[in-house]
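Biologist: I'm new to this structure and would like to learn how to read it. Could you walk me through a few features?

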Amino acid sequence: MSTTFKTQPRYKRILLKLSGEALMGDLGFGIDPKVLDRMALEIGALIGIGVQVGLVIGGGNLFRGEALSAAGMDRVSGDHMGMLATVMNGLAMRDALERSNIRTRVMSAIPMSGIVEHYDRRRAVRDLKDGDVVIFCAGTGNPFFTTDSAACLRGIEIEADAVLKGTKVDGVYSADPYLDSTAVKYDSLTYDEVLDKKLGVMDLTAICLARDHGMPLRVFDMNSPGVLTRIVTGEKVGTLIE
Ligand SMILES: Nc1ncnc2c1ncn2[C@@H]1O[C@H](COP(=O)(O)OP(=O)(O)OP(=O)(O)O)[C@@H](O)[C@H]1O
Ligand SMILES: O=c1ccn([C@@H]2O[C@H](COP(=O)(O)O)[C@@H](O)[C@H]2O)c(=O)[nH]1
């Protein structure tokens with residue numbers, strides 16, 4: 001009798017959303033290479049057990065349209081800057097992944113010839129099947145959206161088994177845990193509970209999109225070591241929304 005110890009993933013294809021803000025690590029702005037390298041290792045472990053990984057990275061470490069608008073800038077220009085920030089994060093993540101010998105494609109919702117490929121769903125699915133990580137950047141390509149919505153949109157388009165949102169908090173709480181120390185964490189919620197309680201960890205457009213297409217969401221702390229492997233092998237980490 002032969003015994004195999006190979007980890008069996010529960011998910012075949014995921015859409016991983018990483019917080020831009022968490023990419024800055026201990027820095028006040030920008031990208032901490034240590035965080036990138038750690039995430040590259042974690043993603044490499046998923047590829048190693050046969051999980052197909054689509055990736056959306058936020059832009060909160062660089063620019064958010066809403067904040068720029070609050071400071072006086074035209075909102076659409078601010079959102080364009082935010083989307084461009086996600087392209088910079090995508091390029092930095094590709095560099096870290098390729099230094100770890102993980103083949104990576106970067107596709108942008110906004111054409112950017114000579115820098116990254118233009119988003120093409122069919123090509124993205126082919127690349128995922130070939131074992132490449134595909135980074136979807138520039139959000140949805142439209143202002144007034146967020147990368148949470150882009151993650152749900154791309155997750156639905158590529159027929160991912162789940163959208164996994166890695167962020168600075170370890171799940172969804174009854175209130176923002178940074179603002180309310182009495183907030184309690186949920187292990188699971190329905191989409192409608194998140195909407196009714198107006199829980200702010202993900203924007204409500206993203207939740208509606210996921211609900212309407214039955215896409216499960218899991219919110220987790222992306223700084224917890226080994227967390228991605230634990231999730232894809234079925235450990236109940238963070239908060240499940242479905
Ligand atoms: N009910 C809640 N439960 C958990 N976190 C919440 C809640 N309400 C608000 N938050 C806040 O939401 C943040 C995560 O969402 P946010 O959209 O700001 O960041 P992100 O998408 O992770 O980052 P980025 O915009 O940088 O990509 C948490 O850091 C937390 O402070
Ligand atoms: O579809 C999209 C996605 C994003 N934006 C802008 O980019 C920034 C950064 O994204 P986060 O999700 O906040 O990390 C966002 O604030 C928007 O300004 C967009 O316009 N459209």
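Predicted model: local features only at pLDDT ≥ 70, side-chain atom pairs only at ≥ 80, totals over all residues.

Biologist: Is N101 buried or exposed, then?

Modeller: N101 counts as exposed because it has 9 C-beta neighbours inside 10 Å. You will find N101 in the loop between α4 and β3 (104-108).

Biologist: What is the phi of N101 near?

Modeller: Phi of N101 is near 65°, which is a positive value in a residue other than glycine. A138 is not a glycine either, and has a positive phi of about 65°.

Biologist: Where is A138 found, and is A138 buried or exposed?

Modeller: A138 sits in the loop between β5 (133-137) and α6. With 27 other C-beta atoms within 10 Å, A138 is buried, whereas N101 is exposed.

Biologist: Let's move on to ligand 2. How many residues surround ligand 2, and which are the closest?

Modeller: Ligand 2 is surrounded by 23 residues, and the closest are G58, G59, G65, G82 and G139. The elements that give two or more residues to this shell are α3 (65-70), α4 (75-99) and α6 (147-157).

Biologist: Which element gives the largest share of the shell?

Modeller: That is α4, with six residues.

Biologist: And what does the shell around ligand 2 have by class?

Modeller: Sorted by class, the shell around ligand 2 has 14 polar, five nonpolar and four charged residues.

Notes:
Residues numbered from 1 in each chain as written. Chains lettered and ligands numbered in written order. Near = placed C-beta within 6 Å. Helix = DSSP H or I, 4+ residues; strand = E, 2+ residues; numbered from the N terminus. Nonpolar A, V, L, I, M, F, W, Y, C, P; charged D, E, K, R; others polar. Buried ≥ 20, exposed ≤ 12 C-beta atoms within 10 Å, placed from the backbone.
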